[in-house]
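Keep the picture open as you read.

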Amino acid sequence: MAEVLVYVDHVDGAVRKPTLELLTLARRIGEPVAVALGGGAADTAATLAEHGAVKVLTHEAAEYADYLVVPKVDALQAAVAAVSPAAVLVPSSAEGKEIAARLALRIGSGIITDAVDLEASDEGPVATQSVFAASFTTKTRVAKGTPVITVKPNSAAVEAAPAAGAVEALAVSFSALATGTKVTGRTPRESTGRPELTEAAIVVSGGRGVNGAENFAIIEALADSLGAAVGASRAAVDAGWYPHTNQVGQTGKSVSPQLYIANGISGAIQHRAGMQTSKTIVAVNKDPEAPIFDLVDYGVVGDLFDVVPQLTEEVKAR
Ligand code: FAD
């Protein structure tokens, strides 16, 4: 069976959930071989093996620190040369997409970004994408070289599938470019304690209907009762009510959670582009004609200032 390289996103050896989702998808198209780089790379092996990695290629070097992408591209290129995989899967983060694009260029192949599903075919892996502001769902296949595919978080379930997970050291020689960039400073963002927007299983969003920065407290209260991330429409972000880092949509982040709750959001195509692939969509809107209701699994016609606090209390009571 063909091997499929999976780029491991980890923090000091703790594997992040989108990588485990990639292992589920990788098993559909071949045997997953994980590539873990940087400090704690070897510590990822047990978790990766539990989720189906037949092999874990590791390389630890100071060059991988600080979110610099070129050293990681060098390492993945070395892994492609060593394994000749059927595909390379990378999580669809900002970093992952840059790594994937550079890798595809290096190895002279094609790239598919933001896939939401993967299936095997005789001609190679076929990716499902939601494109043109979610107006179309496409099936795409790379016709030349080793396909490099980035996959949106929450596109697949995390599944236990114990495998050998043999750890092997990857031989990497860094390119001149790898040392050409340096991080000169960093300002950590204050943590909200909430999950990362693009990785959260539940997202609770607010739009213009929230009517003020101070009112986002009721959106946050619902999010916290559910252990969810908070999202916002562009109208809310442009009004200065919530940070741009939380914007969902065409010019914001693309999310695909198990549950998306849109509050006071009309459902403009540009907003839908960032959340339409959510598994279950709930909307609270006082206008029964709001376009968001064309999209939802459950809709509540009502004033969010009545509905959302009641919902929060109900969730907390359970
Ligand atoms: P509105 O469209 O004004 O809707 C507010 C909704 O709240 C209404 O449906 C109203 O009935 C409801 N409401 C009001 N009060 C209450 C209440 N008390 N209780 C319940 N419901 C209430 N938008 C994005 O979101 N993300 C993007 O990334 C994005 N990118 C864009 C890119 C481009 C190039 C362009 C042109 C636009 C983009 N937009 C984006 C903007 C988009 O077109 C819409 O303007 C925006 O999504 C509207 O936000 P909204 O739904 O919060 O506001």
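Before anything else, one term: two residues are in contact when they have heavy atoms within 4.5 Å of each other. What you're looking at is a predicted model, so local features need pLDDT of at least 70, side-chain atom pairs count only at pLDDT 80 or more, and totals for chains, interfaces and linings use all residues. Residues are numbered from 1 along each chain as its sequence is written, and side-chain values use heavy atoms, with hydrogens and water left out.

Start with helix α5, residues 216–226, where F216, I219, L222 and A223 are buried. Here "buried" means under 20% relative accessible area, "exposed" means over 50%, and "partly exposed" is in between, all with a 1.4 Å probe and protein chains only. Look down the axis of α5 and its buried residues fall within an arc of 120°, so they line one face of the helix. That arc is taken from the directions from the helix axis to the C-beta atoms. What covers these buried residues? The cover includes β12 (202–206), β13, α6, β14 (259–263) and α8. Just after α5 comes G227, with a positive phi of about 65°.

Now compare helix α1, residues 17–29. In α1, 10 of the 13 residues are buried, so this helix is largely enclosed by the rest of the structure. Among the buried ones are P18, T19, L20 and E21.

On to the loops. Most residues other than glycine have a negative phi. N154 has a positive one, near 70°. You'll find N154 in the loop between β10 and β11, and at 2% relative accessibility it counts as buried. S155 is found in the loop between β10 (148–151) and β11 (166–169) too, and it counts as buried at 12% relative accessibility. The side chain of S155 reaches the backbone oxygen of K152 at 2.6 Å. Leaving out residues up to four places away in sequence, S155 touches E21, A115, V116 and K279. N211 also has a positive phi, near 60°, and sits in the loop between β12 and α5. Is N211 buried or exposed? At 52% relative accessibility, N211 counts as exposed.

On a 1 Å grid over the protein atoms alone, a cavity is a set of points where a 1.4 Å probe fits but cannot get out, while a pocket is an open set with protein on both sides within 12 Å along at least five of seven lines; lining residues have an atom within 4 Å of a point. Grid points are joined across faces, edges and corners, and a volume is the space filled by probe spheres set on the points.

The largest pocket holds about 1,400 Å³ of space. It is lined by 46 residues, and E196, L197, T198, T245 and K253 are the closest to its centre. The second largest pocket has a volume of about 490 Å³. Of its 27 lining residues, R208, S233, G264, I265 and S266 are the closest to the centre. α6 (234–238) and α8 (304–317) are among the elements that each supply at least two residues of this second lining.

Conventions. Helices (H or I, at least four residues) and strands (E, at least two) are DSSP runs, numbered from the N terminus. A polar contact is a pair of N or O atoms within 3.5 Å; within protein, one must be able to donate a hydrogen and the other to accept it, and residues adjacent in sequence count only if both atoms are side-chain atoms.
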